Amino acid sequence: MTLQRMDNVGIVVEDLDAAVAFFTELGMEVEGKAQIEGPFADRTVGLDGVRSDIAMMRTPDGHGKLELARYRTPAAISDGSPDPPPNTLGLHRVMFAVDDLDDTVARLRPHGAELIGEVARYEDIYRLCYLRGPSGIILALAEQNG
């Protein structure tokens, strides 16, 4: 059996509407929304009494997808660190290629985005940055030069 594809990346958020607005401003589109609950959900994730709201977001090319989830029950938990650094174990970041890095960062700022470091140049190939979005999500953005 071979791998068919990477289907999506799941991110648990505190405020689903804010996360959807943030990723919509980035350029993603809402593919669908649903409430997930019941025995299949409990068995799948290994928790009891799961009730969550999800929004499936897709990139304009239709290939990249994010599943944003807000857990109603059981409540989402945090490791206690409000803004874990980029070298924290676990899911590190989600990277997107953008046409205009400065414009993208400016459009995301009203949605709570903050640069973690600064916009930097990798050789003469890319301009890159890390920023933090809703629920502490770390995004990397890359703009190809030329």
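Phe 22, Phe 23 and Phe 96 form one aromatic cluster. The model is predicted, with local features requiring pLDDT of at least 70 and side-chain atom pairs pLDDT 80 or more, while totals for chains, interfaces and linings use all residues. Residues are numbered from 1 along each chain as its sequence is written, and side-chain values use heavy atoms, without hydrogens and water.

**Aromatic pairs**

- Rings of Phe, Tyr and Trp (its six-membered ring) pair if their centres lie within 6.5 Å, with planes under 30 degrees apart counted as stacked, over 60 as edge-to-face and the rest as tilted; the count by this rule is two aromatic pairs.
- Phe 22 and Phe 23 form an edge-to-face pair, because their ring centres are 5.2 Å apart and their planes stand at 90 degrees.
- Phe 23 and Phe 96 have ring centres 6.4 Å apart and planes at 55 degrees, so this pair is tilted.
- The latter pair links distant parts of the chain, 73 residues apart: Phe 23 lies in helix α1 (residues 16–26) and Phe 96 in strand β5 (residues 94–97).
- Both Phe 22 and Phe 23 are buried (under 20% relative accessible area, 1.4 Å probe, protein chains only), and Phe 96 is buried as well.

**Second largest pocket**

- The second largest pocket has a volume of about 380 Å³, the space filled by probe spheres set on its grid points.
- Of its 22 lining residues, those closest to the centre are Met 28, Thr 59, Pro 60, Phe 96 and Ala 97.
- Strand β5 supplies the largest share of the lining of this pocket, four residues.

Definitions and conventions: Buried means under 20% relative accessible area, exposed over 50%, partly exposed in between (1.4 Å probe, protein chains only). Helices (H or I, at least four residues) and strands (E, at least two) are DSSP runs, numbered from the N terminus. On a 1 Å grid over the protein atoms alone, a cavity is a set of points where a 1.4 Å probe fits but cannot get out, and a pocket is an open set with protein on both sides within 12 Å along at least five of seven lines; lining residues have an atom within 4 Å of a point.
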